[in-house]
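Trainee: I have a model open and would like to go through the terms used to describe it. Can we take them one at a time?

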Amino acid sequence: AERDGSMKVVVLETNRVGSGASGLNAGFAVEGFQVEAFDLAELVGQEPAVQMFKLTQIAQNLLRDRIDKYAIQCDRADVGLVCLSLLAHPRAEAESREAVQKLNRMFDTNYQVSSIRHHWMEEWV
């Protein structure tokens, strides 16, 4: 519809727009897939997984461009992906850092790991 302007787009819902499938997204757009990146690489091979991942990055850039082009009013926040672990055990933290480094090498990303330990966590670890 955007390319030549001659097409008209209609969103159909049983009740009202946003009450069904069109309202299920919650507004999040993240790189990658539902399956973990390393699992995806095992399923389809490393090179196809990298190409698929890059397509999700292209899609995000396209989304950003359209938000800007059409001045779409939204709460856009380019903050990245956050993964949290309640128990910041030193071994788990080291494994997380290693996994993120591998992910950065494999998919040419620049994800960072930071660890915040609170005194109340010490009781659980």
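Mentor: What follows is a set of questions about this predicted model, each answered from its values.

Trainee: What makes α-α-α the pattern of the chain?

Mentor: The chain has three helices and zero strands. Read along the sequence, that gives α-α-α.

Trainee: Why is phenylalanine 107 called buried?

Mentor: Buried means under 20% relative accessible area. Phenylalanine 107 has 1% relative accessibility, so it counts as buried. Of the 125 residues of the chain, 15% count as buried.

Trainee: Where does phenylalanine 107 lie, and what is it in contact with?

Mentor: Phenylalanine 107 lies in helix 3. Leaving aside neighbours within four places in sequence, it is in contact with Ala37, Ala49, Val50 and Phe53. Contact here means heavy atoms within 4.5 Å. Phenylalanine 107 and glycine 32 are 75 residues apart in sequence, while their C-alpha atoms are 9.9 Å apart in space.

Trainee: How do you know that the buried residues of helix 1 are on the same side?

Mentor: The buried residues of helix 1, which spans residues 37-44, are Ala37, Leu40 and Ala41. They cover an arc of only 100° around the axis, and therefore lie on the same side of helix 1. Glu42 and Leu43 are exposed on the other side of helix 1.

Trainee: What do the buried residues of helix 1 pack against?

Mentor: They pack against helix 2 (46-69) and helix 3 (90-107).

Trainee: How do you know that the span of helix 2 is close to the expected one?

Mentor: Helix 2 has 24 residues and reaches 35 Å from its first C-alpha to its last, against 34 Å expected at 1.5 Å a residue. Its buried residues are Ala49, Val50, Phe53, Thr56, Gln57, Gln60 and Ile67. What covers them includes helix 1 and helix 3.

Trainee: What about the span of helix 3?

Mentor: Helix 3 has 18 residues and reaches 26 Å, close to the 26 Å expected.

Trainee: What puts the buried residues of helix 3 on the same side?

Mentor: In helix 3, Val100, Leu103, Asn104, Met106 and Phe107 are buried. They cover an arc of only 165° around the axis, which puts them on the same side of helix 3. On the other side, Pro90, Arg91, Glu98 and Arg105 are exposed. The buried residues of helix 3 pack against helix 1 and helix 2.

Trainee: Which residues with positive phi follow the helices?

Mentor: Glycine 45 follows helix 1, with phi near 100°. Alanine 71 follows helix 2, with phi near 50°. Aspartate 108 follows helix 3, with phi near 55°.

Conventions
Residues numbered from 1 in each chain as written. Predicted model: local features only at pLDDT ≥ 70, side-chain atom pairs only at ≥ 80, totals over all residues. Heavy atoms only, no water. Buried < 20%, exposed > 50% of the residue type's maximum accessible area, 1.4 Å probe, protein only. Helix = DSSP H or I, 4+ residues; strand = E, 2+ residues; numbered from the N terminus. Arc of directions from axis to C-beta. Expected span 1.5 Å × (residues − 1).
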